Amino acid sequence: MAMVLDAFASYVGHMLAQVAADEVGMMLGISGEISKMSDKLRDLKNFLADADRRNITDETVREWVGQLKRAMYEAADILDLCQLKAMERGSSSADAGCFNPLLFCMRNPCHAHEIGTRIKKLNKRLDSIKERSAAFSFINLRSYEDHSSNAYASRHGNPSRETVGDFDRSALVGEKIEEDTRALVAQIMQMGKEVNDDIMVVAVVGIGGIGKTTLAQKVFNEEAIQGGFSKKIWLSINQNFSEVELLRRAVIEAGGDAQPAGNAKAALHRTLKDALIGHKTLLVMDDVWDHGAWDGVLKTPFVNAAASGSRVLITTRDEEVAQGMIARRPYHHVDTLLPEDAWSLLKKQVLSSEIDEDHINMLKDIGLKIIQKCGGLPLAVKVMGGLLCKRGGLHRDWEQVLDDSKWSITKMPQELNYAVYLSYEYMPSYLKQCFLYYSLLPKSKKFNLNQVVALWMSEGFIHGNFRDLEELGEKYYKELVSRNLIEPDKSYVDLWVCSMHDVVRSFAQYMTKDEALVAQDGDNDILTKLSSQKFLRLSIETNRLQSGELDWKFLQEQQSVRTLFSTIQIMMKPGDSMVTFSHLRALYIEAADVAALVESLHQLKHLRYLALINANISVLPGNIGKMKLLQFLDLCGCENLVNLPDSIVNLVQLRLLELPGTSMIPRGFSGLTIIRRLSGFRAYMDGDWCSLDELGPLSQLRLIGLVDLENVSAASFAANARLGGKMHLIDLFLYCTSRLGHDGLVKEKEGVSEEEQRCIEKVFDELCPPSSVENLDIKGYFGKQLPRWMISTSTVPLTNLKYLMLSDLACCTQLPNGLCKLPCLHLLQVNRAPCIRQIGNGFLQEAAAPFPRLNKLNLIGMVEWEEWEWEEKVQAMPRLENLVLDNCKLWRVPPGLASNARALKALYIQRVHHLSYLESFPSVVELTVCQIPDLERITNLPNLQKLTITDCPKLKVLQSIPALKRLVLEDCVMEELPDYMLDIKPRHLQLLCRIWLLYSLAAGQSGPEWDKFSHVEHVKAYAHDGDNQRK
């Protein structure tokens, strides 16, 4: 049910209304039929919402709904063909997005007759469908749509699984998870006669969404675990794991090098064994669906290499998986939240600038009843919180949610969460189909915002003003985030990548079961399903079908498919083609061998979205230009694809082109005037290939990624790109091939001449972006000074720039002073700039309020940087929270930073070779100092709570740190505890030291070190003993 009737009817109605407005029907002699179609759809629309809702649980309605959906798809197909006929006449290039192609079909009576006949047949089908609807007594739910519209209007425009070991501690509630953590840590660390010191498996079991992963993450990060194991590996298994990929990730997590082993399982086994040998290791396997991930992949190298006392912690929904892995009983079952804990979690979701905690506490009685409906499931509570945020803060708003009849939905699978269903029902219809479609994305892959929106557009889920579709899709995407139905990946900025929780995904896939097949590991009946049912959407990401691969012939029977996702190898024979997939709108294939498919791509007349990821192809078909409706083309990872065919410039509807950086585009590219996003555009100047000047007419670009800019021989070519005139541009990537080696210095054989420096400076001076740019990434630039438009922002006011990343600046001698004027800059990162020796006063003094919104500053790999001038009287960076200084020769942190960066919370300093002291950072809460050979003292940090000191042998003084709670001290050559231990009073001390110092500490009161740590409540000390850490 990825199509939501109400929403898709609006899409088809929009297309038909445009046809009627252009009086095309009259010229074709079928104006009456077009009017009838519009009237019938309008009449049907009055009860489509009720039909959609009843379709979920009423089997008698389901067949009728299916017929109506296929009739609507037929209407969309007819209008597609009309547009193709018009484009063949060459008449739609001026405005390729308008759905008025019938105007041109009158020139060909045969086409006009064909179109008219299909519309008349479709009208008869709609008549029959409408007549049958009377038997179901549908009711008019226009108030439902009004509710949706009101919900949409109430939004303020604030937009707001693969797992990892890190987690968000602020999301934890209650003492129960603390108790569970302590119990699991004790079980994992248990030693002695009652425990076999060989590999022990510990299992956490519970339904999806109950918090198994969160508990495992908390255990993984506990101090006892961190210090008790010399190797700690986190692997997210999931249903569709690949044995080779799982082994490769295990090798990498274990600190090995998976590259030499390639894809050979035996070689990866040996590499993993070498990485683990002698190490006491904790392996976490999260979300295990099949014990084969252990027995058939990881067990052999782990058991044969890991040291005695190693442990495996798994999370799973299925006790049989724990049994298959011979996990130690009793398994740890995660309980649902206690009412008070669930209430705390609900409050965290609902709290906002408009609703404070006192007000929410007045709603506790009704809130606890809502929580009861959620069954104590953390995810359900979280989703319900997102719904309550939309409903309002009045008691009657919450009562309406509680009393809504939708709680009594029947015939839903027991494991599905009613709160998710209720949240779904409150979504406007336009958002429902986007939500359902999102659940079909391959779970093992990360899809970014642009990809998701492109897929929605390909299916017709986003329609309206042709120029604003991507922006509208982004609003839909961010609304799903705000409703807690998809969750942001915090390793990306601006909601760039999200994921859908298992329970929410299960619910959405249940809702689409009549239209979509999602196949993953363990679906042994997939071939039966493919042969017994006709699907509209297929998502296949399994590696172990009955035959080990998927035979193309099973897919060919699915002739109605509109979307196909595949991340597996498909077996094809000579002569196999795409011709049977005549209705396909979106095709995403990630596999090496797709040559046979590529040859027949031109037969997919309706295709809008084509992604061939990591494909081993060297050419695209010469007739790709026949795919006139293609809007999105993604060729990422196709590194062997060098020359694109000439006909690619005929794809006049192309809105996105992602290239691997090795491809050269033929001339004529400037004709693709509606393209929005272009990345991997290679600046190649020789032969009959497209150069930068062809970017000039492309005024609609939102994202541009240019590579190999060192090849641009004259600034005039760059000027002709007219970047400054692209007033919609948001993301700009300007890349040259790096001239730096692994040591961060210019490679001797690739020195940069003064002439090369002057040339690249002139080129970049002409690549001046417009003021609309928000994200700017420059890499490999080798000019002596950065472009003029960065040095003086008065030339180009980059007033919207949020993220600025500068990498591999081989010859640049200073950072531009104008950066401090940027009013919206949130992140500034400089990574590897070996010629910068000083950051002077001018870096801050060009503005009255320098860096007013800067939140994160990373200065990394500036290996010759010695001095940073910032006087105390210069107020700057008032919102800076995170600062990283890594690999430089800085001899002091400027006093202006300490006194003015009042919001600074986290300070990370590593390999700063001449730094001798740190003092007077009043707001810093967390400080890490690592490998700073000359550091002697740290003083006057009144709010510091966590301090990590690693290999700082000269550090003698720690004073005026009254709030310190946790000290981590790592120095494997230290002979005794430092005297500064007498001047600080941490509650927790974690120490990594020499083995004989560990023995001295273990002696307690009788040992020589007792006075230095006797005042610390919790002490954990470890030492290296050969290849092992020893407690």
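In what order do the five strands of the open sheet with parallel pairing stand? The order is β2-β3-β4-β1-β5. Here strands (E, at least two residues) and helices (H or I, at least four) are DSSP runs, numbered from the N terminus, and two strands pair if DSSP finds at least two bridges between them. The edge strands, each pairing on one side only, are β2 (231-236) and β5 (332-333).

The model is a predicted one, in which local features need pLDDT of at least 70, side-chain atom pairs count only at pLDDT 80 or more, and totals for chains, interfaces and linings use all residues. Residues are numbered from 1 along each chain as its sequence is written, and side-chain values use heavy atoms, with hydrogens and water left out.

Within this sheet, strand β1 (residues 200-205) runs parallel to β5 and is joined to it by two bridges. Helix α9 (residues 176-189) lies across β1, β3 (281-286), β4 (311-316) and β5, and runs at about 160° to β1. Such angles run from 0 to 180 degrees between N-to-C directions, and the axes are lines fitted to C-alpha atoms, for helices over the stretch in contact, where contact means heavy atoms within 4.5 Å.

Next comes burial. A residue is buried under 20% relative accessible area, exposed over 50%, and partly exposed in between (1.4 Å probe, protein chains only). Helix α4 (residues 48-55) is largely enclosed by the rest of the structure, because six of its eight residues are buried. These are L48, A49, D50, A51, D52 and N55.

Strand β21 (residues 803-807) is also largely enclosed by the rest of the structure, because four of its five residues are buried. Five bridges join β21 to strand β20 (residues 775-779), and the two run parallel; N775 has Y803 in β21 as its bridge partner. Five bridges also join β21 to strand β22 (residues 827-831), again in parallel, and S807 is partnered by N831 in β22.

Another open sheet has three strands in the order β28-β30-β32, with parallel pairing. Its edge strands are β28 (917-919) and β32 (957-959), each pairing on one side only. Neighbouring strands of this sheet are turned by 5° against each other on average, direction ignored. Three bridges join β30 (residues 937-939) to β32, and T939 has Q959 in β32 as its bridge partner.

Last, the cysteines. C434 counts as buried because its relative accessibility is 0%, and C768 is buried at 16%. A search of the whole structure finds zero disulfides, a disulfide being a pair of cysteine sulfur atoms within 2.5 Å.
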